[in-house]
Structure formats: C-alpha cells, structure tokens
Amino acid sequence: MHTPNNPNNIVRRFLIRGLATSLLFSQSALIMSAQDAPTTANPADKDKVVVLDTFQVTAGFAGSLAAAAEMKQKQKVITEVIASEDIGKLPDISIADALTRLTGLTTQRTNGRSQAISIRGLTGDFSTGLLNGREQVSTGMNRAVEFDQYPADLLSEVVVYKTASPSLVSQGLAGSIDLRTVRPLDKTGRIVAVNGYYEWNQLGALTPSAKATGNRFSVSYIDQSADGKMGIAIGYSHSSKPFAGEQFQAWGYPTDSAGNFALGGVKPYVRNSVLDRDGVMGVFEYKPNKDIHSIVDVYYSKFEENQLLRGMEIPLAFWSSAQLQPGYTVSNGLITNATLANVQPIVRNDTFVRHDKPIAIGWNLVMGKTSEWPVTFDASYSKVKRDDFNLELWAGIGSRGTPFTTADTMTVKLAPGQIPVVTPTKNYSDASILKISDPQGWQTWKFPTTGAPGYYKGFQSKDELGQLKLSTRHELKRFFDAVEFGISYTDRYKRDGENPSGFPVLKNGAATAAMPASVGTTDFSYLGIGPIYAFDPMAAFNSGMFDLVPNDGTDFVARRFQVREKVTQFYTQFDINTKAGNTPVTGNFGFRVINTDQSSKGLSANGNTVNAVEAGDTYTQFSPSLNLNFEATERDVVRFSLARQIARPRMYDLRASRTWGYDPTKATSTDLSQGPWSGGGGNSHLRPWVADSVDLSYEHYFKDNKGYVAVAGFGKKLRNFIYEQSSLADFTGYPVSGGTNPALLQGVVSQPMNGDGGNIKGLEVTLSLASEMINSNFRGFGVVLGGALTKSSIKPWGPTSGTAPIGGLSEKVANITIYYERHGFSARVSNRYRSANRQYITTFGVPSPGGDVNPNGNFSMAQPESVVDGQISYTFQKDSRLKNLSIFLQGYNLTNEPLVTYNNDDPRQVINYQKYGASYSFGAAYKF
C-alpha cells in the first residue's frame, strides 16, 4: 500500500541527510587540503573577514565563534559572548535559543518557545536584561525580561556578565544579559542586508480556523558620511511565527479510603498560536573629533500573540460527581484502569490575545575623551504597555450538574510517562447532545439559577523606566591604571493586575443556549476522546448572545499593584593594570553605594470592603567587588572575582495591597496571637536578594583562533532570601466593624519576608575546537561543548517549610554543537540538555505572578529534556553570479521533545505532558 510522504518527515530527513553530507565533505577535505593554496580576502567583500589581531577567520558560524572568543578573552570579568555571523544574522532565530547554547544558561519553554532565561540555576528574577548596557522594562508581571521580544536579526552581539564590576550599575545577582546593536562607525562603507523565511510547524493546524504557517523577513542598512564622522544604522524586522501544541494537564491524584491514588480530573487542550512582531532599530553615531563621541539608539517593537485553544475539562474520581465503578485495577497504590459513570465534562473553546509595545531610547555622550578627566553622560528611557484578553466559553451535556439526558461513562487507563487514555461513550462532535452552559455549576456562587458558561479576564500592565548616568575617568601612574567615578539615578514605575474581568452570561437569564455555528471538529485522538465540536469563541462572544457581567469580587483587586522605585547609585572603580612578578595582572576593584526609595499603592479587600493602601521604605546598601585577571601567557588567563551581588525583589512581592479580615469579637484582645486582624498579601518593606559571590576560572585560547577551553567554578552565599511566612503587619487606618475600637492595630499575616538563604555552587566547562587544531588537513569541522554542574542548599520556602530545589535549577546542564563550514556550505546540529527542575507550567493565559515563595505555588518537577536543532545553508561564492546570496533550512526541536511533569515523583502520575512539534524555516539572505 502506498502512503503519501509527510512533508515534515521529508524536511527532517533532508536536514539529517544534509548534516550527514558534511561528513562526506570531510573526506574531500583531507584530499584537497594539501592542494589548497591560501586565499587572500577581497577588500570589496565588506565584513567578509573578521580581523582578529594577527590572524583572519572567514565570516559565518565559525567566524562568529572566533569573534566571540576574542571578545571573551578581552573582557575584564567572567563572561559568555555571542557574536553575529554577519549583518542581520545571529546564529539562531531567537535570542533566547542562542542564549541557551551558552554554558550555564538554560531556558524554560513556554508554549513551545524559549522565553525566560536562567543563569547558573537562578531564574530571571535574579538577573537583569540590558539593551546596549541599559536596564530594560519587562512585558511580564515582574522584572524578568522575555527575550522573544527582541528580534535576533537586529542585534550584533550579546554579552552575558556572570560576575560584577562597579561600573555595571544595572547588574543582577545571577548575572546580566546585555543585548547590543551594531555601531555604524565600526563598519566600512554602505551595507544593505535583507533576508526572508517561510516558517511552519510539524503539528500543523490542530484545530479549525488556526494558522499553521508564517513568515519573517528583515532589512538592515548601515552607512557613514562626513568623512567617517557620522554613521547611521537602521533595521526593520517582521515575524509572523506559528506555534502548536498538544497539551495534557491533570487536576491531581486524590486517594480513596485505602490510600490508593486516582486521576481526579483532566484538562487537555490542543493549541495553535501565532506571534506577530514588527521591530525597528535605529542608531545614529557622531564623532566629529577625538574628544566628542555621541551615540543615539532607538528600539521599538509591536507584538501580538493570538492563541486558539480547544479542549475538554473532565472531572473524574473523588473530586466530582463521577462515580468509580467496581472492577478497577490497582497497581502499587495507583488505580491504573477504571470505569467512571456520571461523568459530565466541560467542552471548552478558549482564546488568549496579547498586545504589547516596548520602546527603548538611549543616548551616550563622551566629552573630552583625550583630556585627563573625560566625562561620559548616558540617558535612557524604556517603556512597555501590555494588554491581555483571556476568554473561556463552555458547553456540555448538562447544566449545573444535571445532565440533559444521561451523563457519560468513561474508561481511564494510565501508562508510565505517557498521556492517559480517556475513552468516552458519547460523541462530542454531535451538536445535538451539547449546549452552551455551565455544566458543573462552577459559577452558581454568583448566578444560582443559571450559572455562567465561562469567564473573561483581562490584564493591563505598564512598565516605565528612566535612567541617568554620569561618570568620569582619570588615568593613574602606579598600581592602578585609572580611577572612575560615577553616579546613576533610576526611576521605575510598574502597575499590573487583572482588570477588567467578568462573566459572559446568556441573554434574558437563560441557563443554556444552542451551540454556535460549527467551524469543524478538533481531533482529540491523542487522548482517546476522538473529535470534539469546535466553534469560534470570539465570534460567539461578539455575536450578541452574551451579556458581560463585571466581577464585583475583591480577591483579584488585592492582587493588582503599583510599585515605584527610585534608586540612586554612586560608584568608584579602580582599573588594575600591573604585574605580579612577570605575570601581567588586569582587572578592577571598587564599590557601589545604593540608596533605594521604594513605594507601592493599591487596594486591600475584605469581602465587599475595599480600602486604599500605601506603603514603602528607604534604605542604603554597600556592594564591593574585585576582579583580577592573571595573564599567564598570551593565550592563558586565570580570572578571580569577589563581589557582593544584589537583585531587587519581584514587583508583585512589593505590593502594598492585601486581602484581610477583622473579627470584632476579638477587638479587646491584647494577645497578638488572638488579635482581630488577619490577612495575606505583599510587603513593601522587602529588601533585595543579596549574595556574597566568589568565582575562579581558567581559560586557554588555542593558537590561530581555533577555539578555547574554559573551566570556571563559582559559589554564592545568599545572605538574604525571600519567602512567604507569618509576620506582623500594621493595620492602622483600616476600617473597623462592630463599634469597638481594637486594642491592637497589628495582626499576623502571611506575606513575603526576608530571611536566611543558603548556598549555591557550581562548576562550568566549555570547549570550542576547530578540527584544524587536531589535524591541519582536517578542515571545516568544529565542535562546541558546554556543561555545568550546580548544587544548591537554598530552601525556597524558608528553613522550616520543607525542602525542594529552587525553581528553575537543573543540577546538570549540557550542550553540544557540531558544525561543518567550507566552500560556502554550512551544516550544524545542536543538542541542549537539562536535568529535572521545578517549573511553573503555563497552559492558558497569564502565569501566576507570585513566584516560588511557598509550597502551594503550583510549581512542579519537570523531567529531563533534550532538545535537538539543526541548520544547513549554502552561500554562493564570489565567482558566482549569485555571490552574497545565502539559502537556509533550519529546524528546531527536531525530535519533538515533550515537557513532562509528575506527581509525587511517580512517572505513572503524569501532571503535565506537552508536545510542541518541530518548527522549520526555509529562506534566503542577501547582502549588497
């Protein structure tokens, strides 16, 4: 029987065969290399050669590695570096994907894409995201930068600082990730680069009306004028990228009277989403003489994400009216095969839409550059507004817990490490058995007689940051090479939270309605359910069949926040350039004095009582640091660093708002443990995370820039950590009921607090090696290896609240890239691995902003994952009529690696199982 070829399988085979073809090239290379005469670079090929001191490396992936290695070697602190292959071409589509190939860095995949970055086992809460050295606002609910907001093709390089120095005022505790745009005066002549790609996902359109393909393209222009005194760079990038996913989530595993676990409910979805982004970058550089140098940077992006999710929520054993039938199978304390009667699922057609528009403007001016006291002034402004729209619409075979005719009977079978198989007896593609309704009566607390067939919630956010920095530097003649003094001022304001929200209620007080027009069916055979009726949720919402009733509850009001921070820093840095015996020693030594004025406004809530609150604090911290680089030889560097590193608390944790309660019967009590006040919320008096850090590294750079090997060890002692605990809060000014004034104005609340941290330590190893280093006749091949082992004694919920790894920490992280690049042909395959780690898994809408501060934060242990990517390309050579044209085929997540979490570390108790499919891009790039 003939089976048509799956296009995705064809592409995957083509990628694999293309990568394998590079092995054949090596055989020719061994024969031809003895005959190959050295070639001389054509000066007309602008930027075709990366000049590194006394040697040259052809541009491309190997050239980007060489340039990155040179930058790393010249740094005065411990760093990791990414350099672009060419104008408008970093080594990966996504900045986040490129960052995960650096040693000690990992990412959590969100709906199939790399987004948040962890450095040395610490999440984005502990690091800062910079653009051209300036701190950036975040589209998230806290501070962590979401790196998919920045188009890779508008950046020229990325530097990850793993250790601190006084002049880097916007630094984090784990590190700082600095995205950098091109500097036009560093280039020669006019350059125009364009590229375009067609993109698709292996899973395709999993549900009707979904978009399964996309595109991206960019154009970059660089030029100089006024005899090289003025330069301009302009870039535009457009992306419409499709993502897909088959997602399973278990409610949990309750136990029967005998202690046997059972599947309590499931929430499976299929998801198609499209990320549309238009980004613009501009750089104007002016250097009229040796004393004045001015650079203005502008970045703007318009981002829209559209998710379409369809699925079912199925209440099962012990947590619903579903009835476990006799004859079920128990295996080692788990019910693995069972039949349940009276099952009443919720058929869901959901949508999520996000809009945000980040903008960043910066100006750097150096005056008197050749004087004894040159002055540098830097001003920047960064802002983003975000609007989220979350809509759930429900349908079912009953209303408010009562079936229209009969409930369903389902069988459930569990298999270790796999999605459970759920088999119904009803056909959920049949509109005649379904109605728009509140099947389980979840909203009858608000609408007792009708319920409400869904929920709507919006989130609105604004994050705004301005920064000024003024510094001067003076050369010295003895032990220190120079001294630098500086002062910076940062003013940041952020508000976020659920607003508005409400209930889509059927017109005229109806409890049920006929199903909206069908757009097809969604295939749920991966779960065993079969096809499910599908309709357009937005069309139904806007059709006039619903009234939107605002949610007048107050719990979400107390989760909104406004936070304002004013941070003034003074720093002194002595640059070191001396010798220890015959060994050159470079580096720096100094300190920062940091004064912080933080405040928050919000609303605290108690039932229907809402009152405005405001709180804050002011404090000063001292942060010294020392960096030493011992240059044992021209190619060997030993680096040592001591520093106190600081990261500011999560914005959400700093909120003044809280939910609270007052018991008038305890108004006269003077015993705090029996006082009338209670509650839970944020803490505007929080201090930052603080760590004392020590780092030691050895780096050896191979001759002729054929790579390097680096070994680094680090240790961080967390002097100050943040976790949730019971503490006293001031209720002065809060309204009182009952007529009697309370004897106490303080009460015990649950809120984030500072406390003891713990230790985190690790070892990192990197090897970048060109094949010529092994044998001069073995040309074009190379390998990049990275690995990290990290251990932590930090208890994320406090010393008395149980033990768990901190969120985002994988003890073992490794990556490998093998490449071949010669005669215009390039092929590479990469594999990144991370061991098990605790994650907050987002399946729909906005994640929890609260972080991993207590055992109930809904973090779960993600199983080890290994993600494989590949790329093949060909660049036409200079003797071709198509010279400067490159064609590419790229594939990400080629093995369709799932994201899996378990309950109780039991692989039979699957909590999350998500598959995203492989993503592919085919396109071309051309440089004029």
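Between which strands does the loop holding Ala226 lie? Select Ala226 to begin: this residue sits in the loop between β11 (213-225) and β12 (230-249), where strands (E, at least two residues) are DSSP runs numbered from the N terminus.

The model is predicted, so local features need pLDDT of at least 70 and side-chain atom pairs count only at pLDDT 80 or more, while totals for chains, interfaces and linings use all residues. Residues are numbered from 1 along each chain as its sequence is written, and side-chain values use heavy atoms, with hydrogens and water left out.

Remain at Ala226 and inspect the backbone: phi is positive, about 55°, although Ala226 is not a glycine. Ala226 is partly exposed, at a relative accessible area of 40% (buried means under 20%, exposed over 50%, partly exposed in between; 1.4 Å probe, protein chains only).

Next, select Asp704, in the loop between β39 (689-701) and β40 (707-730). Asp704, also not a glycine, has a positive phi near 55°. Its relative accessible area is 47%, so Asp704 is partly exposed.

Proceed to Asn499 and Pro500, which are joined by a cis peptide bond with omega near 0°. Pro500 belongs to strand β29 (residues 498-506).

Finally, select Glu135 in strand β7 (residues 134-135). Glu135 counts as buried because its relative accessibility is 16%. Display the side chain of Arg492 as well: the side chain of Glu135 makes a polar contact with it at 3.3 Å (a pair of N or O atoms within 3.5 Å; within protein, one must be able to donate a hydrogen and the other to accept it, and residues adjacent in sequence count only if both atoms are side-chain atoms). Leaving aside residues up to four places away in sequence, Glu135 touches residues including Ser170, Ser382 and Gln467 (contact means heavy atoms within 4.5 Å).

Methods
Helix = DSSP H or I, 4+ residues; strand = E, 2+ residues; numbered from the N terminus.
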